[in-house]
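Please read it beside the coordinates.

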Amino acid sequence: MSQMNDYDVVVAGAGMSGVVAAIAAARAGSRVLMTDRLPFLGGNMTAGLLGNFLTFHNMKGEMINGGIAQEIVDRCIDHGGAFRQHRGHLPNAYGNAYSVTPVDPEVLKLVTQQLCVDAGVDLLLNSFVAGTITDGKRLAAIRIVNKSGEREIRAKVFVDATGDADLVAGAGGRFLFGDEEGKVMSISLFSRLGGVDLAKHLDYVKENPQEFMLGEDPYIGKTKAEVAAGLQSWIDYPLVTGHYNAVRRAQARGEFHKNRQRVVFQVTTIPGVVVLNATSLLGYDPVDAGSMTRAALEGREQVFAVWKFFRDHVPGFADSFILDSASALGVRESRRIAGLSTLTTEDCVAGRKHEDDIGLGAYCLDVHQPSGIIEHKHVEGGEAYGIPFGTLVPEAIDGIIVAGRSLSSERFANGSARCQAPIMAMGQAAGIAAALCAEHGFQPRDVPVGQLRGILKQAGAVV
C-alpha cells in the first residue's frame, strides 16, 4: 500500500460491511483505505467462523439483496467455497429465513482480498484504531497503532464498520448499549467439526421432527412433521437447530452449560464438516478488553464440552473431531448509534418500507437475551423491511457513516439487521454515500438519498 496519510474515504473495520463499503467507495472513484486489527478480511465470517450469510431472500422467496454481496457469493462459488445450487442460497427448512448461504472462510478471505485490491483499496491490516481526532463536531482523523508505531490518517469521510461504533463513540457521539440494564446479547465462540455423518443425522431428524426447529415462521404454514417429510438430503436442512431433550438431559447431568436450550450446527461445502453454534457466554462486555479475555477463556472450555455432547449424544457425530475454533469471539450486540432515524421493532415486524431505504432485511428478529433465553419475532406476511439511510448517520457527529450492526436501531430490530446480508447492503450504501461526500464536499446527513438509491440500483443492489 502507499504511505499517504490523507484519503477521500477511510473504512475502519474489515468485516463484511466494511469490505463492501470499501469496494463500493473505490469503484465510485474515491481514494480508499481500509484498516483492521486482523491479518485478513471478513470479520465474523472468517475470524468468527460464522459459516453463512443470512439472508438474501424474504420468506416469499423474493431476492432482497444483490450487488456486491451477490458478486462475493458468485466469486466464492467459482473457487469452490459456496454451493452451486440455487446460486449459493440453500432453502432453509429451519424456517427462520427462506435461504441460508454457506461460505467457506478460507475462500472468503481470498475473494474479499482480491475484490478490494482489484478495486484499488489500500489495505492496512494488523492495526488498531487507537483514537479519534475531531474538528468541532466533525471527525477529521483517526490514530492507527501497529508494529510500525503510531500514525495519524485523515479523510474527508469515514465509514465506521468496527461493529462497536468505535469511531462514533471516540468522536463523542451518543449511542445505546444493550438492554435497559446495559446488558448485551450472549456471545458465542464458534468451532468446526470434521468426521460428521450428515446422512445418518438426517435420518434421525426425519424420525424425530419434534426435537427440531422446522418451518418456524408461521408464514410457512406447515407442521414440523410435514417439513421433515420433505427433506430428501442433508443439503435440504443446512441450518440445524434443536436436540432439546438431549440438551436438557445433559444439563441435568452437569455435562452441558445452562445458557441455552438447544444446539445449532450448519453444513459447509466441505464433506463431513459442520460449524457449531452451541456455546453461550453471558454477562460479558464486548468493549472491555478484560471482559473479552475472560469470555475467550470460558468459550474455549465450552467448545470442548459442546463437542463431547455432540460426539456422545447426537446421531452422526460419534466419529467427529474438532477441526478448529474461531479466532474471534462472535459478538451479537454492542454499541448502537443514535442516528438521524431509528429502525424500530415495529418497522421490521410490519415489513415497513421508507422513502430513504438503502437496503432490505428479512431475517427473523433474533435476540439472545442476557438470561440465555433466545426470543424470535417474525416479519409478517413473508415480507422484507426497509433500512433507512438515516439509521447509518450519527445524529450529531459529521464525517462518519456507520455500516453494520451499530446502525441506529431498537434491540429486536437489531437482532435481524445485524446479520450478514443486510450489513453488506448497508456497506454498499455507506461506501457510495461516502464517495459522494468526498467528491462533492458535503456531509453524510446531506447526501441526496434519491441519487444514492439510483446508483445502488444501477449497481445491482436491491433497495
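In the hairpin of E13 and E14, which has 6 residues between its strands, Gly272 takes a positive phi near 75°. The model is predicted, so local features need pLDDT of at least 70 and side-chain atom pairs count only at pLDDT 80 or more, while totals for chains, interfaces and linings use all residues. Residues are numbered from 1 along each chain as its sequence is written, and side-chain values use heavy atoms, with hydrogens and water left out.

**The five-stranded sheet**

- Strands here are DSSP runs (E, at least two residues) numbered from the N terminus, and two of them pair if DSSP finds at least two bridges between them.
- An open sheet is formed by 5 strands in the order E12-E13-E14-E11-E15, with antiparallel pairing.
- Its edge strands, each pairing on one side only, are E12 (239-242) and E15 (321-325), and the twist averages 25° from one strand to the next, where axes are lines fitted to C-alpha atoms and angles run from 0 to 180 degrees between N-to-C directions.
- E12 pairs with E13 (residues 263-267) in the antiparallel sense over 4 bridges; in this pairing Thr241 stands opposite Val264, and Val240 stands opposite Phe265.
- E13 also pairs in the antiparallel sense with E14 (residues 274-277), over 4 bridges, and there Gln266 has Val275 as its bridge partner.
- Of the 5 residues in E13, 5 are buried, a term that means under 20% relative accessible area, with a 1.4 Å probe and protein chains only.
- Val263, Phe265 and Val267 point one way from E13, whereas Val264 and Gln266 point the other way, and all are buried.

**The three-stranded sheet**

- A further open sheet has 3 strands in the order E3-E5-E4, with antiparallel pairing, and its edge strands are E3 (52-53) and E4 (90-91).
- E3 and E5 (residues 99-102) pair in the antiparallel sense over 2 bridges, with Pro102 in E5 as the bridge partner of Asn52.

**Cavities and pockets**

- On a 1 Å grid over the protein atoms alone, a cavity is a set of points where a 1.4 Å probe fits but cannot get out, whereas a pocket is an open set with protein on both sides within 12 Å along at least five of seven lines; lining residues have an atom within 4 Å of a point.
- The structure holds 3 cavities of 30 Å³ or more, and about 70 Å³ of space lies in the largest cavity.
- The lining of the largest cavity includes Pro102, Val267 and Val275, as well as Gly51, Asp104 and Arg192.
- That lining divides into 6 nonpolar, 3 polar and 2 charged residues.
- The second largest pocket has about 330 Å³ of space and is lined by 16 residues, of which Asn92, Ala93, Ile220, Lys222 and Val227 lie nearest its centre.
- The lining of the second largest pocket divides into 9 nonpolar, 4 polar and 3 charged residues.

**Cysteines**

- With a disulfide taken as a pair of cysteine sulfur atoms within 2.5 Å, the count comes to 0.
- The sulfur of Cys116 is too far for a bond, because the closest cysteine sulfur, in Cys76, is 13 Å away; Cys116 is also buried, with a relative accessible area of 0%.
- Cys348 is in no disulfide, and the nearest cysteine sulfur, that of Cys419, is 11 Å away; Cys348 is buried, with a relative accessible area of 0%.

Note on methods: Points joined across faces, edges and corners; volume = space filled by probe spheres on them. Nonpolar A, V, L, I, M, F, W, Y, C, P; charged D, E, K, R; others polar. Buried < 20%, exposed > 50% of the residue type's maximum accessible area, 1.4 Å probe, protein only.
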